[in-house]
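Biologist: Hello! Could you walk me through this chain?

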Amino acid sequence: MNQVNKELKQSILQRMMPPNNELVSQIARESGLSEATLYKWKKAAKAQGMIMPDGAQPAERWSTRDKFAIVVETAALSEIELSEYCRARGLFVEQVKAWRDACMQANGGIAAQASKLQKDLRTKEQEVKALSRELQRKESALAETAALLVLRKKAQAIWGDQGDE
């Protein structure tokens with residue numbers, strides 16, 4: 001690809017990125033390139049780590065992957081640099097900070113939830129074990145009672161009703 005083509009591709013990708021977020025169909029009409037080509041470029045740019053939100057969605061509706069990419073990109077920036085970055089991409093500093101907080105909280109919530117689920121599982125397993133032991137005890141008592149009844153009937157059949165005399 002020669003230098004002119006690279007510059008054209010880069011300028012078109014810039015139009016797809018924030019803050020412009022121009023639609024692929026609009027760029028295709030204006031540039032004369034096919035939408036398939038533009039989508040291929042967009043996909044390749046995304047694969048290389050560029051932030052390419054889908055469609056002309058507001059930043060709050062971007063995918064979590066795009067938001068995470070912004071958080072990673074801005075992690076080491078100072079307040080002034082973050083402000084400049086946000087201005088250049090049509091974002092608000094508060095949005096990026098909220099996304100950063102959400103990323104930091106993401107694993108903590110899952111760990112707490114997993115811990116609670118483990119505790120609940122352990123409790124349920126103990127209940128099942130206790131109920132199983134109780135069932136075993138009652139089955140044994142029932143079997144013993146049934147055996148005594150059978151013996152009583154056999155005794156009555158052999159000796160008859162001797163309690164009537």
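Modeller: Happy to! Let us start with a term: buried means under 20% relative accessible area, exposed over 50%, and partly exposed in between (1.4 Å probe, protein chains only). This is a predicted model, where local features need pLDDT of at least 70, side-chain atom pairs count only at pLDDT 80 or more, and totals for chains, interfaces and linings use all residues. Residues are numbered from 1 along each chain as its sequence is written, and side-chain values use heavy atoms, with hydrogens and water left out.

Biologist: What share of the residues in the chain is buried?

Modeller: The chain has 165 residues. By the cut-off of under 20%, the buried share is 19%.

Biologist: Which residues form the largest nonpolar core?

Modeller: Such a core is a set of buried Ala, Val, Leu, Ile, Met, Phe, Trp, Tyr and Cys residues joined through side-chain atoms within 4.5 Å. The largest has ten residues: W62, I70, V71, L82, Y85, C86, L91, V93, V96 and W99.

Biologist: Is D101 buried, partly exposed or exposed, and why?

Modeller: D101 sits in helix α6 (residues 93-159). Because its relative accessibility is 45%, D101 counts as partly exposed.

Technical notes:
Helix = DSSP H or I, 4+ residues; strand = E, 2+ residues; numbered from the N terminus.
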